[in-house]
Amino acid sequence: MNIPGKSANEIAELVAAQCIAGRARRLNRVITGLYDRALQPHGIKINQASILVCLLTIGDASPGEIGARLQMEKSTVSRTIDRMVNSGWIQVSGKGPGQTVRVTESGRQLMVDCHEQWQEAQQRALALLGEEGASSLKAIADRLRVNC
């Protein structure tokens, strides 16, 4: 919608003050940083841990299913899976649309090993968001009906 009589700078100030997407992206970067720093001693990032959690929760899955459940772009899933295969945390069998991704014993052990650091990051995130903010965020995410 064009706002008559408003300059680009005025519109930018309005968008900066009201944009939900901008705030959500900034919050994502802050929270992701908390978890990535906590998990760093184990050599894993939170997006990789999310894929492990998804696979350990639902079982073997295709890259497409992982992407759909985690709302991740296909290219991001592909790059992340490649890195995780190279680290030995998951393995991929099959080719093309028939590919199946599964967690290795090394990946299972990693989940156990990094749980304490995840809990520390979780506490930092809860402190940052407050109980009400964390509950609101959970309620919003639950409405997305994602199973991982």
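**Walking through the chain**

Analyst: Let's start with Leu39, which is found in helix H2. Helices (DSSP runs of H or I, at least four residues) and strands (DSSP runs of E, at least two) are numbered from the N terminus. Before we go on: this is a predicted model, where local features need pLDDT of at least 70 and side-chain atom pairs count only at pLDDT 80 or more, while totals for chains, interfaces and linings use all residues. Residues are numbered from 1 along each chain as its sequence is written, and side-chain values use heavy atoms, with hydrogens and water left out.

User: Ok! Is Leu39 buried or exposed?
Analyst: Leu39 counts as buried, at 1% relative accessibility. The cut-offs are under 20% relative accessible area for buried, over 50% for exposed, and partly exposed in between, with a 1.4 Å probe and protein chains only.

User: And what is Leu39 in contact with?
Analyst: If you skip neighbours within four places in sequence, Leu39 is in contact with Ile44, Lys45, Ile46, Ala49, Cys114, Gln117 and Trp118. Contact means heavy atoms within 4.5 Å.

User: Which other residues of H2 are buried?
Analyst: Besides Leu39, the buried residues of H2 are Ile31, Gly33, Leu34, Tyr35, Asp36 and Ala38. The buried residues of H2 pack against helix H3 (46-58) and helix H7 (115-143).

User: How far apart are the end C-alpha atoms of H2?
Analyst: They are 28 Å apart, and that agrees with the 28 Å that the 20 residues of H2 (residues 20-39) should span at 1.5 Å a residue. The expected span is 1.5 Å times one less than the number of residues.

User: Zooming out, how many helices and strands does the chain have?
Analyst: The chain has seven helices and two strands. From the N terminus on, the order is α-α-α-α-α-β-β-α-α. The chain is more spread out than a compact globule, because its radius of gyration is 19 Å, well over the 15 Å that the globule rule gives for 148 residues. That radius is taken over C-alpha atoms, and the rule is 2.2 Å times the number of residues to the power 0.38.

User: What box do the C-alpha atoms fill?
Analyst: Roughly 60 × 40 × 25 Å, taken along the principal axes. Buried residues make up 26% of the 148 residues.

User: Switching topic: what's up with the phi of Gln71?
Analyst: Gln71 has a positive phi of about 55°, although it is not a glycine. Most residues other than glycine have a negative phi. Gln71 is found in the loop between helix H4 (63-70) and helix H5 (74-87), and it is exposed, with a relative accessible area of 60%.

User: Where does Thr104 lie?
Analyst: Thr104 is in the loop between strand E2 (100-103) and helix H6 (105-113). Thr104 counts as buried, at 13% relative accessibility. Leaving aside neighbours within four places in sequence, Thr104 is in contact with Gly88, Trp89, Ile90 and Gln91. The C-alpha atoms of Thr104 and Gln18 are separated by 45 Å, and these two are 86 residues apart along the chain.

User: Last one: is Glu131 buried or exposed?
Analyst: Glu131 is exposed, with a relative accessible area of 61%. You'll find Glu131 in helix H7. Its C-alpha atom is separated by 42 Å from that of Ser93, 38 residues away along the chain.
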